[in-house]
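Points are grouped by topic.

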Amino acid sequence: MHNINFTKYKYFTLSFSFLAIVFGFVVTFAKYGGFAHSLDFNGGLRTVVELPADKTRNDLEGYFQSKKIEAVVILLEKEKNIYQLDIGLGSLETIEALYKEIPEDSRESSTSAIDRFVQLLRYEYKLPKEKVLSADQVGAVVGGELTEVGITLLLTTLAIILLYLSIRSQFKFALASSIALVHDILMTLALIGFLQIKPSVPIIAALLTLLGYSINDKIVVFDRIRENAHGKDNLALSNIINVSITQTLGRTINTSFTTMISVVAIIVGGAVELYDFAFVLLFGVIVGTYSSIYIAAPISEIYDQLRKKRFA
Amino acid sequence: MQSYRLLILPFLILAVSFTILYPNFAYRSLKIVVREDVYALPEADQKVLVNALFERWAKDYGKASGWTIEPQDTLPPKENPFYIVKGRFITSAKINQISQENQSLVSESKNKLEPTWIEETIRGGKSLSIKLGLDLQGGMRVVLKGDFDDYTSKLKDLYAKELTELKLTLNNPAAKPEDKEKAKSRLTEIESSFDLSPMRKIVELEKAKMIIDNRLTTQNLTEPQVRIQKEQDAIEVSLPGVSNSAAILEILQNTETVEYRLEEPTPFVYKGQIADSERRMMDLGKRENTDIYLFQELVKNKAGKKAQDAFLEGLEKKYNIPKDFKVYAMWARGNSAKSALLPRSFVVLERKIALSGNDMTNAQPSYNSNSYGWMVSFTLTPNGAEKFFDLTSQNRGRNLAIVWGDKVISNPVINDPIAGGRAEISGSFSEQEAIRLANVISEGALPIPLSVLEMRFIGPTLGIESIEVGVKAVAIGFFLVMVYMIFYYRLGGFIADLSLLVNIIILAALLTLMDFTLTLPGIAGIILTAGMAVDANVIIYERIREEIEEGRALSIAVTRGFENAFWTIMDANVTTLIAGILMIRLGNGPIKGFAITLCWGIVTTLFTSLFLSRLFMELTVNRIGIHHLNLRPFFFGKKETTNA
């Protein structure tokens, strides 16, 4: 098999990644003012209603879309047509306005946002009171502390991996893997912000999964580099890297492909609420594979060159 | 690794795994217990309740589930007051649903999923089926409100004596001005502690949250979430798939405390009064009229704490006990160690708490072989040790009662001052009670009593639709991956698939054994495990193929392939394992669920890919005598030439 010159494009790929991340975050914060709001992270309104048999998920979603209310519709029970509706805090004003449009005589005066939302629903779908099974103003489940825990976790994990890999192989590989991991997380976060995907428990799961997948991927590539570099200190690292990546390319493609099969199955399968999870995971797998080859390896090479220069 | 005999190991592990997983697929029976009071209702009312149950039943479980219920359309006989439901895949969410929908008919706390023979044999009846998290199947959410009125009244008890002393000093014209000044500032300090600012309330709720967290961990619930709702002074507890909510609630709300109180000084005037009147009753042959008998009946009928408190307060009035003292019951067992713990006599203790549970820590139950009974030893905090020493040196000869909840469990005489900060409580405890007492001391009691503000069953994060589609998608994905592996690596792919299946089965069995609650992130962890397991095999086969391409004999190529891949697989998995362990230790809720499956998944992956795959592969090559191992995909693969 011919060796492919992967490191040739290193400055291009490194700057591409850097710009993509910056672009993603700039759009997230400048255009949208941050990540999307979600019930899991920011709290919001949650109701469970039993709809008439002829109403479907599409009706509900169409209604919310036409009224510009951000809602997540979850089918809880098929036979009884029971839905859970999650409304983010961002739509409170819209609900307020719509509530005021209800004719005076068919609305009860209420002060809380959740009451108003329930009245709106009841009016729209002509629901008797007992069909509204529950209505809550809910707090964030995973927000707040999770961000803090998440950052601590990521930093500690990186530190330990850095240590383990430094002992098992060389510092430069450990450093490069860690940077590439951060790259993967940032890249995915940039995408989540750019597309305004709602952070949720499944999204956290996807982030964690891609972290695990990415570590795995990087180590396989680096192990081969280390093995090939053994006793060849005088050989240019870029050459060794190219040989190693080529050697592991079969494996990389196979593994990415098999992982993607499962993920794509979820997307194609049409599990609406799992769509974001699968989408983020799919992106993560691609980014993880890309960064093992085009980010991690070049960084170890650059580090090596810098060090050689200093001692030369 | 070339012996057939080694095959016993995987088969053994598989057999054990299947045994553990059996209850998940077994045909089982569920007892739905009918409330006792239903039988006292008029027949028409009974009929309404029964009809409601069976109407819902026909609608929800009738045909599709394949479940049966006995007896049908009628109330079960009074001597066997339960319905028996039989079927597969009876989930705790469904059990909850049935009892919640028929609250006036079903006594929820007594519902029981009968253990299968396997659970009976290896777990002593404890469940072995995989539990699903709130996000998958829904569960129970309880909001507990802090009762701050009760809290302040308890606080007032604690400071009662000091307060009267301080007031005395203030009103005493002979007292020195600086003493008065000191008393005044202390008084305001104490009184300010009765005034609960929002900040104080949060602090108390935080303490309560911690204790609830601890109590829940001992209940083997994997992902309970405990949160404070600041707006309502409440604590919200989410319990995934909890079926026996009544028992858990009781554990959560338990505000039992442990405290020391001095008994009235000798000669026990008040206690004597009570004892005299009791004796008179006995002499008249009216044992059933004695207070202690009445109190025992109250306890036996489970009248609840309120009724017991009222009874004791009644006694205080009856015997004109002064305000500084309080009547308690001394609890003990009868003559045999197996008889019930019941109130046996009354004692009169000082209202003032001499030493509270906050002064004690680190309690351990232990068996006292001298008295053949259980006792609890504990350490006192430095402050507590000082107080205890003062207490015991100033009150020699008096009785110091240990009050657990509202039971006096031990009432020893103080012989000598006790210094050193260690003490023990002996009473007539069973092992369970000793453990409970030790827990109350170690964890501390709930600082505030909690009452149930609302209790609700909540829906899953994903609807049933998504779960059904998701499971199908994952299954299809799995199947496609397996087909792809066979397509790409042929025989090798088949072996990889085999070890992947074994991997997932062992993992499921392990998680079941550990009472793990499966959540959505948990499933993500399993998917990652599968991905890494496939990857491990891919790495191995690529290595073997390289060896073959270099012209090595097949058996050597296989051995070398595994050896070369070993450290790569180890490194990749160990690093992920480290990250996983960190997530378990630092993370909460969703992160933890993911990390636990991931960590155990890595363990099973290492076993299946490094041992099992290798065993299968080497047996195939060396024993079955496959001479040509083609690890190239069908159709595209170039011809391999291997030297046998």
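This is a predicted model: local features need pLDDT of at least 70, side-chain atom pairs count only at pLDDT 80 or more; totals for chains, interfaces and linings use all residues.

B:Glu119 belongs to helix H4 (residues 117-123) of chain B and B:Arg28 to strand S1 (residues 28-33) of chain B, so the pair ties together parts that are 91 residues apart in sequence. Both B:Glu119 and B:Arg28 are buried. Over all chains, the structure holds 34 salt bridges.

- A salt bridge also links the side chains of A:Lys308 and A:Asp304, at 3.2 Å from N to O.
- A:Lys308 and A:Asp304 both sit in helix H10 (residues 275-311) of chain A, four residues apart, which is about one turn of the helix.
- A:Lys308 has a relative accessible area of 44% and is therefore partly exposed, while A:Asp304, with a relative accessible area of 6%, is buried.
- In chain B, the side chains of B:Glu550 and B:Arg552 form a salt bridge of 3.1 Å, N to O.
- B:Glu550 counts as exposed because its relative accessible area is 57%, and B:Arg552 counts as partly exposed because its value is 26%.
- Salt bridges with shared partners connect A:Arg168, A:Asp223, A:Arg226 and B:Asp571 into one network.

## Interface between chain A and chain B

- On the chain A side, 60 residues are in contact with 58 residues of chain B.
- The size of an interface is often given as the accessible area lost when the parts come together.
- Chain A and chain B bury about 5,300 Å² between them, and 65% of this area is on carbon and sulfur atoms.
- A:Leu153, A:Tyr164 and A:Asn254 supply 10% of the area that chain A buries against chain B, more than any other three residues.
- Five salt bridges are counted between chain A and chain B.
- A:Arg226 forms a salt bridge with B:Asp571, in which the closest N and O atoms are 3.7 Å apart.
- There are ten residue pairs in polar contact between chain A and chain B, counting pairs with both residues at pLDDT 80 or more.
- Strand S2 (71-77), strand S4 (132-138), helix H6 (145-168), helix H8 (201-229) and helix H9 (237-269) of chain A are the elements that give two or more residues to the side of chain A touching chain B.
- H8(A) provides the largest share of that side, 17 residues.
- By residue class, the side of chain A that touches chain B has 31 nonpolar, 16 polar and 13 charged residues.

## Two buried polar residues

- A:Ser214 is located in helix H8 of chain A, and it counts as buried because its relative accessibility is 0%.
- The side chains of A:Ser214 and A:Lys218 make a polar contact of 2.5 Å.
- Apart from neighbours within four places in sequence, A:Ser214 is in contact with A:Leu181, A:Asp184 and A:Gly288.
- B:Asn399 lies in the loop that runs between helix H13 (382-394) and strand S15 (400-404) of chain B.
- With a relative accessibility of 12%, B:Asn399 counts as buried, the cut-off being under 20%.
- The side chain of B:Asn399 makes a polar contact of 2.9 Å with the side chain of B:Glu263.
- Not counting residues up to four places away in sequence, B:Asn399 touches B:Arg261, B:Leu262, B:Glu263, B:Phe268, B:Asn411, B:Pro412 and B:Val413.

## Annotated transmembrane regions

- An unreviewed UniProt entry lists residues 12-32, 149-167, 174-194, 200-216, 253-272 and 278-300 of chain A as "transmembrane region".
- Residues 174-194 of chain A are 100% helix and 0% strand, and their end C-alpha atoms lie 30 Å apart.
- Residues 200-216 of chain A are 94% helix and 0% strand, with end C-alpha atoms 25 Å apart.
- For chain B, the UniProt annotation "transmembrane region" (unreviewed entry) covers residues 469-487, 494-514, 520-544, 565-587 and 593-613.
- The span of residues 494-514 of chain B is 95% helix and 0% strand, and its end C-alpha atoms are 30 Å apart.
- Residues 520-544 of chain B form a span of 100% helix and 0% strand, whose end C-alpha atoms lie 37 Å apart.

Terms used: Residues are numbered from 1 along each chain as its sequence is written. Chains are lettered from A and ligands numbered from 1 in the order in which they are written. Side-chain values use heavy atoms; hydrogens and water are left out. Contact means heavy atoms within 4.5 Å. Buried area is the accessible area (1.4 Å probe) that two parts lose on being put together, summed over both. A salt bridge is a side-chain nitrogen of Lys or Arg within 4 Å of a carboxyl oxygen of Asp or Glu. A polar contact is a pair of N or O atoms within 3.5 Å; within protein, one must be able to donate a hydrogen and the other to accept it, and residues adjacent in sequence count only if both atoms are side-chain atoms. Ala, Val, Leu, Ile, Met, Phe, Trp, Tyr, Cys and Pro count as nonpolar, Asp, Glu, Lys and Arg as charged, and the others, Gly among them, as polar. UniProt positions are given in the numbering used here, feature names are shortened, and annotations may be inferred rather than shown by experiment. Buried means under 20% relative accessible area, exposed over 50%, partly exposed in between (1.4 Å probe, protein chains only).
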